[in-house]
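Me: I have a model open and I'd like to learn how to read it. Can you take me through it feature by feature?

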Amino acid sequence: MNFKKAYKKALGYTPLCKIGECSLKKLEFGIIELEAGGSVDFKTEDKEFAFIVLEGHCDVSFGNTKWENIGNRKNVFENRKAESFYFGRESELTVSANEHVKIAVCGTPVSEKTEPQVLREDHVVLKKLGRVPFERETSFIIDQNTNAKVLTIGEAYTTEGNWAGFPPHKHDENNMPVECVCEEIYYFLFNPEQGFGVQLLYTADGEIDEAYRVKNDELVEFPYGYHSTVSTPGYESYFLWLMAGDYQGFNRSNDPLHDWIK
């Protein structure tokens, strides 16, 4: 199975990973892209959704409520603290563009109803993780400090020519508190846009052993297996990471062959 997918610009909402139509069972992903004055209606049905504003500014309306001017950057490299908004299951909303806007849409099934929430940049926690040559700056946008019950989402900016998520790690076994079952997606952007990275996905038994060249507007699904990524020299490298599983947060194990590298 090919776990890599690509987004091609289209106005409105473009689903890229849908449960039952991709390798994932708990995680969905798509892109809303609109020009100034455009709008799209969205229903969450039986899922919670987080909307991460990648570019531009938008308004969000639901019921008698309107959130105005959500967004704080022309592109993901301008500001590393994204603005976002969240809706629980059984919600209906309208997203309207104040200018060209691009929004990552991240969803997962939930049983509990929750309150909607707008999250401005002062909510985001930004940390530098690892060390050269596996250093990156990571933001935490959606987690236990929001109304989300399952989703965990952030953004990563890999230091030029460095690895991220190293040693390779996985989260596909129920071995709490060390490791839980949790699916994940990485969605990549580069500056300049012709940049690329390499995304690894493999299992210990060799059932999966992939090295994808990932380009601008491409994503990789991780239903299970070890994963790690590396950026190329000369380019700013970004990926949005989103997780959903049995537990909210980070419970993972490193590949024991490489766990000595701390």
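**Reading the fold, step by step**

Reply: Happy to. Among contacts in the chain between residues at least 6 apart in sequence, 71% join residues at least 24 apart. Keep in mind that this is a predicted model.

Me: Okay. How many helices and strands does the secondary structure of the chain come to?

Reply: Zero helices and 23 strands. The radius of gyration of the chain is 18 Å, close to the 18 Å from the globule rule for 262 residues, so the chain is as compact as a globular protein of that length. Along the principal axes, the C-alpha atoms fill a box of roughly 55 × 40 × 35 Å.

Me: What share of the 262 residues is buried?

Reply: Buried residues make up 56% of them. As for the accessible surface, the chain has about 11,500 Å², and 47% of that belongs to carbon and sulfur atoms.

Me: And the charges? How far apart are the mean positions of the positive and negative ones?

Reply: There are 28 positive and 42 negative charges, and their mean positions are 1 Å apart.

Me: Let's get into a sheet. In what order do the strands of the five-stranded open sheet come?

Reply: Read across, the order is β19-β18-β21-β15-β23, with antiparallel pairing. The edges are β19 (209–215) and β23 (253–254), each of which pairs on one side only.

Me: How do I walk from strand to strand?

Reply: Follow the bridges. Six of them join β18 (residues 196–202) to β21, and valine 198 stands opposite valine 230 there. Next, three bridges join β21 to β15, where the bridge partner of alanine 164 is threonine 229. Finally, two bridges join β15 (residues 163–170) to β23, and you can find that spot by looking for lysine 170 opposite serine 253.

Me: Is β21 mostly covered or mostly exposed?

Reply: Mostly covered: six of the six residues in β21 (residues 226–231) are buried. To read a strand like this, check which way each side chain points. Tyr226, Ser228 and Val230 point one way, while His227, Thr229 and Ser231 point the other way, and all are buried.

Me: How do I read one buried residue? Take leucine 242: which strand is it in?

Reply: Leucine 242 sits in β22 (residues 236–245). The cut-off for buried is under 20% relative accessible area. Leucine 242 has 0%, so it counts as buried. Then look at what it touches beyond four places away in sequence: the list includes Leu27, Phe29, Cys106, Ile153 and Ile185, along with Glu183 and Glu184. For a sense of the fold, leucine 242 and aspartate 143 are 99 residues apart in sequence, yet their C-alpha atoms are 10 Å apart in space.

Me: Now a charged residue. Is glutamate 218 buried or exposed?

Reply: Buried, because its relative accessibility is 8%. Glutamate 218 is in strand β20. Leaving aside neighbours within four places in sequence, it contacts Lys4, Lys5 and Arg213, among others, as well as Tyr186, Tyr187 and Phe188. Its C-alpha atom is 9.7 Å from that of phenylalanine 196, which is 22 residues away along the chain.

Notes: Residues numbered from 1 in each chain as written. Predicted model: local features only at pLDDT ≥ 70, side-chain atom pairs only at ≥ 80, totals over all residues. Heavy atoms only, no water. Helix = DSSP H or I, 4+ residues; strand = E, 2+ residues; numbered from the N terminus. Rg over C-alpha atoms; globule rule 2.2 N^0.38 Å. Buried < 20%, exposed > 50% of the residue type's maximum accessible area, 1.4 Å probe, protein only. Contact = heavy atoms within 4.5 Å. Areas by Shrake-Rupley, 256 points an atom, 1.4 Å probe, with all protein chains shown as cover. Lys, Arg positive; Asp, Glu negative; His and termini not counted. Charge placed at Lys NZ, Arg CZ, Asp CG, Glu CD. Pairing = 2+ DSSP bridges.
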